Amino acid sequence: MNDDLLSIGQFARLARLSVKQLRHYATLGLLEPAWIDPASGYRYYRTAQARDALVIGLLRSLDVPLPVVADVLSGGDGGQDAPGGGSAAAALTRVRDDLEAELARRRRTLKSLERILATGLPAAEVTIVAEPPRPAIVVRDLAAGTEDIARATSACVARLMAAGPPAPALVGLFPLDYGESIPVAVALTGTGLPQVPGADPEILPGGTFAVAAHVGPYDQISLTAHALLTWCAERGHAPTGPLREAYVSDPATTPPERLVTHLMIRLEDEE
């Protein structure tokens, strides 16, 4: 046996991981043993593999998803390009960007909590408008919970934008009541709509809508939605879903604090 080989227990101690974690990472193809004894099935690792093991441990301590961990590892030593993938440095840059975006989101949430505790829940200026029926292409996804809504919405938007509309008018469609899973949809409205795989033309119903403008990041929209629903309840209006989010600003060119989104709730027609 090569003197450079370590038993799985020795390597686990060196890498500051558990044997169970090493077996799991081997199953996923993230960190496979250097040699497996065909007679005993014992697993052995090389000391040089400690680099990848420590990288995995550090990334997981930051809650980086395992597929992204694999992307970083596939970059190869020194950030050289790996076949079929980018460099380790580029993958790590994407991890850094995602973590900084998440940190910014958490800071915004903390500021919102401070404002709510200091001054109470926010109100919203609400107007009532007549909205005509609008032709639309609608794509749908299913969020696993409230924390998955942003991911599902982004996936819907990506499908629509892939069709290359010249001047997209995007409207998010969300249920008024949340369950364990949450159906999410995004509509592209207007005329001359493009073909989108897996999506059929629909008509967004018209009617009377209560509308409030949300100015700020998308992750804070729930505060304006609360204010809009409270306004409806206080005035005896019966809202019908879905809650619409009409995206006025382009997030690619607009800072998060200046994004404008029109929240719209259709009101039941009075008898």
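Predicted model: local features only at pLDDT ≥ 70, side-chain atom pairs only at ≥ 80, totals over all residues.
Figure 1. Strand 5 (residues 134-143) and strand 7 (residues 182-189) are antiparallel and are paired over eight bridges. Within strand 7, Pro-183 stands opposite Leu-142.

**Figure 2. Strand 6 and its two partners.** Five of the five residues of strand 6 are buried, so the strand is largely enclosed by the rest of the structure. In a regular strand, side chains alternate between the two faces of the sheet. On one side of strand 6 are Leu-170, Gly-172 and Phe-174, and on the other are Val-171 and Leu-173; all are buried, and both faces are covered. Strand 6 is joined to strand 7 by four bridges, and the two run antiparallel. Leu-173 has Ala-185 of strand 7 as its bridge partner. Four bridges also join strand 6 to strand 10, again in the antiparallel sense. Here the bridge partner of Gly-172 is Glu-245 in strand 10.

**Figure 3. A cis peptide bond at Pro-242.** Gly-241 and Pro-242 are joined by a cis peptide bond, with omega at about 0 degrees. Most peptide bonds are trans.

**Figure 4. The largest pocket.** The space in this pocket amounts to about 2,000 Å³. Its lining has 46 residues, of which Arg-105, Ile-149, Ala-150, Tyr-218 and Asp-219 are the closest to the centre. The largest share, nine residues, comes from helix 5. By residue class, the lining consists of 30 nonpolar, six polar and ten charged residues.

**Figure 5. The second largest pocket.** About 380 Å³ of space lies in this pocket. Among its 22 lining residues, those closest to the centre are Ser-112, Arg-115, His-214, Gln-220 and Leu-223. At least two lining residues come from each of helix 5, strand 9 and helix 7. Helix 5 gives the most, with six residues. The lining divides into ten nonpolar, seven polar and five charged residues.

**Figure 6. Surroundings of Gln-220.** Gln-220 is in the loop between strand 9 (207-215) and helix 7 (221-234). Its relative accessible area is 9%, under the 20% cut-off, so Gln-220 counts as buried. Leaving aside residues up to four places away in sequence, Gln-220 touches Arg-108, Thr-109, Ser-112 and His-214. Ser-112, His-214 and Gln-220 are also among the residues closest to the centre of the second largest pocket.

Figure 7. Strand 2 and strand 3 (residues 43-46) run antiparallel and are joined by two bridges. Trp-35 stands opposite Tyr-44 of strand 3.

**Figure 8. Two loop residues with positive phi.** Most residues other than glycine have a negative phi. Arg-16, although not a glycine, has a positive phi of about 60 degrees. This residue is in the loop between helix 1 (8-15) and helix 2 (19-27). With a relative accessibility of 65%, over the 50% cut-off, Arg-16 counts as exposed. Asp-63, likewise not a glycine, has a positive phi of about 65 degrees. Asp-63 is found in the loop between helix 3 (50-61) and helix 4 (66-73), and is exposed, at a relative accessible area of 64%.

Technical notes:
Residues numbered from 1 in each chain as written. Heavy atoms only, no water. Pairing = 2+ DSSP bridges. Buried < 20%, exposed > 50% of the residue type's maximum accessible area, 1.4 Å probe, protein only. Contact = heavy atoms within 4.5 Å. 1 Å grid on protein atoms, 1.4 Å probe; cavity = no way out; pocket = protein on both sides within 12 Å on 5 of 7 lines; lining within 4 Å. Points joined across faces, edges and corners; volume = space filled by probe spheres on them. Nonpolar A, V, L, I, M, F, W, Y, C, P; charged D, E, K, R; others polar.
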